[in-house]
Every structure is written in C-alpha cells, then in structure tokens.
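Visitor: Hi, can you walk me through this model? I'm new to reading structures.

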Amino acid sequence: MFMTLLNSQLIPDESLSLSLLPSCRDHQQALADRLSLSNQLAGSQDELPVRRMKDSYIEVHLPLGTDPTLREKYLNYHKGVRFGRILEDLDSLAVLICYSHTHNKALQRSPLSIVTALVDKIGMTQQFIHPDCDIKFTGHVTWVGKTSIEAKMHMSQVHTHTHTHTHTHTHTLMAAFVNPLKPEGPEEEELFQQGEINKTRRVELSTASLLKVAPTAEERKIVHSLFLNTLDTKTVSFRSRVLPPNSVWMEDAKVKGLEICHPQERNIFNRIFGGFLMRKAYELGWANACAYGGCRPNLVAVDDILFQKPVEIGSLLLLSSQVCYTEGNYIQVRVHTEVLDPLTRHHNTTNVFHFTFVTDKDVPNIVPQSYGESMLYLDGKRHFNQTLESQ
C-alpha cells in the first residue's frame, strides 16, 4: 500500500477506507460509528482470518523536498527536521498499520478501536534529517498476541547519500481479539520471535522495576559511592554535602512545562492524540538536554514510552523533564507527564518517556542527593545501558 503524507495527515489509496482517519469526519459521529461496530467483534481469535505480514505493509512518502509549505511545518531553527513531528507521524502510521491488519472486508473497515499502549524502541542511525529531501516510511505488523499487536516501522531519507533509520515497536492493546499472524520464511519467523522476546523483556523489566524491588547489590554500591563523593571531608556529618567538581545536583537539572489540551489535538476517541504527547515530551526533553549540556544535543534513542492513561480534552497537562543520568557526552532524560484536576487538585500520571541524547563535548556529571533521586539515577542508567547494548 502506498500513501503520501500531506499536511501531517495520512492519505491512503482507494483500497483503504477513509473511515480509518479521524481527521476526515466529525469526531462525535466517528466515535458513535465505532461504538456501533462493537457487535461485530469476534468471540475468539479462531473466528478471525489469519493474516500475513505483507497484508499490513504500508509505505508512506513525506514530500519535504517538493512541498515548501509542508517543509516549513517540519523545519527547525537548526535547518533540520523537527523530530517531534516525525514522532507524530510514526504514531499515526503505527495505528494505521494495525487497522490494516484487522481490516474486515465485509465491513470495509476494522471493527476495532485501536490506541497505542507503548513504544518499545526508536533508534537513530543518522542524527541529521535533511529538510529538503523526501522521507519514506514503511512498516507492517510483526507480532500479535490474542488482543495485542506489535508493528515495526522503518524511516529512510531518499535522494541523499545518507540514510536515517528509525525502528519503532508499537504495542497496541484492545479489549478484543485480533487476527492471528502467520510468518512466512526465516526472516519473518525471526521478526515474530523478536516480538515474543520483546514481550518477555517487558515483563522482566516490570518485575525488576525500582518502584517494586530494591536495587541490585552492584547498584547499591553505586549509590553509596555517589553519597561518599558528596560528603564534606571537613565535617563528620551525614548531612553536610558538597557538590563534586564538574557536577550538577539533580534538583538543578529540571525543566517543566504545561499544556492546555485543546480539541485541535484530539483523536477519533475525542482524547488527546498520542503523537502530540510524544512531540511535546521530546521537545521538552531536548530543551533540558540542551540547557544542561550547553550545546545542541542529538537524539540517539527513545525507549519505553508508556501510555498509562488517556488525556482528556481540556486537561491541564503538566510535563516535567529530568536529567537523570550522564556518561561522557551522553545525557539521559526522563519526562514525566501528569494531568492536574483543578477542582480536586489531584495529579494523575499519564505518560513516562525516556530519551538518550549525545553532544559534541563531555557534559557535567549529574549527582543525586535524596534516595528518590538515586533511584531515578539508577533507572536512567538502566535505560542508557539498554540503549548502548542495542546500538
């Protein structure tokens, strides 16, 4: 399937129903239409036809090289491409791929309501994206469970001597059965097995979360070493702390923001589009890394984007970015988003994002003071190590 991206909306050929695209019709009517399809859902996965990976394959071209108006929307002040916009496009494409996999020929649409639950990994092999060259996105479903789908996407820049590759695994959960997937050939078998590995890894990471269990013995030594390095040698006190040379207290490495969630950024379910949240979190994290390092950072990887709760229209969205780990010229940034209810003053976490940046020079060491900050430091170190291992 071939498509061209115009004005940040996916425009498919005639083989795909436009009902898949929330921007093409009234949101309330679209939501009502979706709810009316609930009686078309399968009672078990066995009732659904088996699909192949090529059945969900989609190719999209972003005509930055030929459309100056579109290029302006993607251009950043470094004369590169705003990666936050790319995140929005990847999120849209991932969901569209999943709709293609679950497309019902009799209904001429998918009866499912699909949302992105998490993004496993986005890795960059080329840090600069040229704004005057077209971008090609391709992707297809690589793994399915009973009610979940994983899609893998690839982004490359055409008509240049360099290539930018972005690999994204989007895990999409629905309270309904999805079409089974049949791999064909060794390459597809390997992709499917990687989906099983990703599933196992997510369970292991959740089980070993520092929010649930204590740090490992090695990690405890790291925390204690950080503590000893900040003690004031002139006093015999646990409370007297001194910042080591070329270091920054973690408390001083935060950047916060607030977004009023307007209807313009809503999806078909009348909630805030996940790609918009990813863009805002990335841009805040980038700004924090830029301020911390004192120079322009480049993205290395995005991993473990978790969508815990939907964000409603009219919400006050609080974003907090924290430099949580540094090593050489690398900066690990965690962005936490939550919704504030102005009436009850309650805060509810909606998303957690992890970004790895690299700069042209070594950056100061980040140093935690409290136990909670030490856990953020260790969590950042874990994500950073995973990123390096996957490079």
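Visitor: What should I know before looking?

Guide: This is a predicted model: local features need pLDDT of at least 70, side-chain atom pairs count only at pLDDT 80 or more, and totals for chains, interfaces and linings use all residues. Residues are numbered from 1 along each chain as its sequence is written, and side-chain values use heavy atoms, with hydrogens and water left out.

Visitor: How many helices and strands does the chain have?

Guide: The chain has seven helices and 14 strands. Helices (H or I, at least four residues) and strands (E, at least two) are DSSP runs, numbered from the N terminus.

Visitor: What share of the residues counts as buried?

Guide: Of the 391 residues, 50% count as buried. Buried means under 20% relative accessible area, exposed means over 50%, and partly exposed is in between (1.4 Å probe, protein chains only).

Visitor: And what about contacts between residues 24 or more positions apart? What share do they make up?

Guide: They account for 74% of the contacts in the chain with a separation of 6 or more. Contact means heavy atoms within 4.5 Å.

Visitor: Is helix 6 enclosed, or what? How many of its residues are buried?

Guide: 15 of the 20 residues of helix 6 are buried, so the helix is largely enclosed by the rest of the structure. Just after helix 6, Gly294 takes a positive phi of about 75°.

Visitor: How does helix 4 do on span?

Guide: Its 23 residues should span 33 Å, and the end C-alpha atoms are 34 Å apart, which agrees. The buried residues of helix 4 are Glu188, Phe192, Gly195, Asn198 and Arg202.

Visitor: Back to phi. Which residues other than glycine have a positive value?

Guide: Asn246 is one of them, with phi near 50°. Arg345 is another, at about 65°. Most residues other than glycine have a negative phi.

Visitor: Where do Asn246 and Arg345 lie?

Guide: Asn246 lies in the loop between helix 5 (217-229) and strand 8 (247-249). Arg345 is in the loop between strand 12 and strand 13.

Visitor: Buried or exposed?

Guide: Asn246 counts as exposed, at 54% relative accessibility. Arg345 is exposed too, with a relative accessible area of 55%.

Visitor: New topic. Which residues touch the most other members of the largest nonpolar core?

Guide: That core has 80 residues, and Phe83, Ile86, Phe137, Phe355 and Phe357 touch the most other members. Helix 3 (residues 83-101) gives the most to this core, with eleven residues. A nonpolar core is a set of buried Ala, Val, Leu, Ile, Met, Phe, Trp, Tyr and Cys residues joined through side-chain atoms within 4.5 Å.

Visitor: What does Phe355 touch?

Guide: Not counting residues up to four places away in sequence, Phe355 touches several residues, including Ala281, Tyr282, Leu299 and Val335.

Visitor: What about strand 5? Where do His140 and Thr138 come in?

Guide: His140 lies in strand 5 (residues 135-144), and Thr138 is found in strand 5 as well. His140 is buried at 18%, and Thr138 is buried at 12%. Leaving aside neighbours within four places in sequence, the contacts of His140 include Tyr57 and Lys152. With residues up to four places away not counted, Thr138 also touches Tyr57 and Lys152.

Visitor: Last one. What is the volume of the second largest pocket?

Guide: About 770 Å³. Of the 26 residues that line this pocket, the closest to its centre are Ser209, Leu211, His354, Asp379 and His383. Helix 7 gives the most to the lining, with seven residues.

Visitor: How is a pocket defined?

Guide: On a 1 Å grid over the protein atoms alone, a pocket is an open set of points where a 1.4 Å probe fits, with protein on both sides within 12 Å along at least five of seven lines. Lining residues have an atom within 4 Å of a point. Grid points are joined across faces, edges and corners, and a volume is the space filled by probe spheres set on the points.

Definitions and conventions
The expected span of a helix is 1.5 Å times one less than its number of residues.
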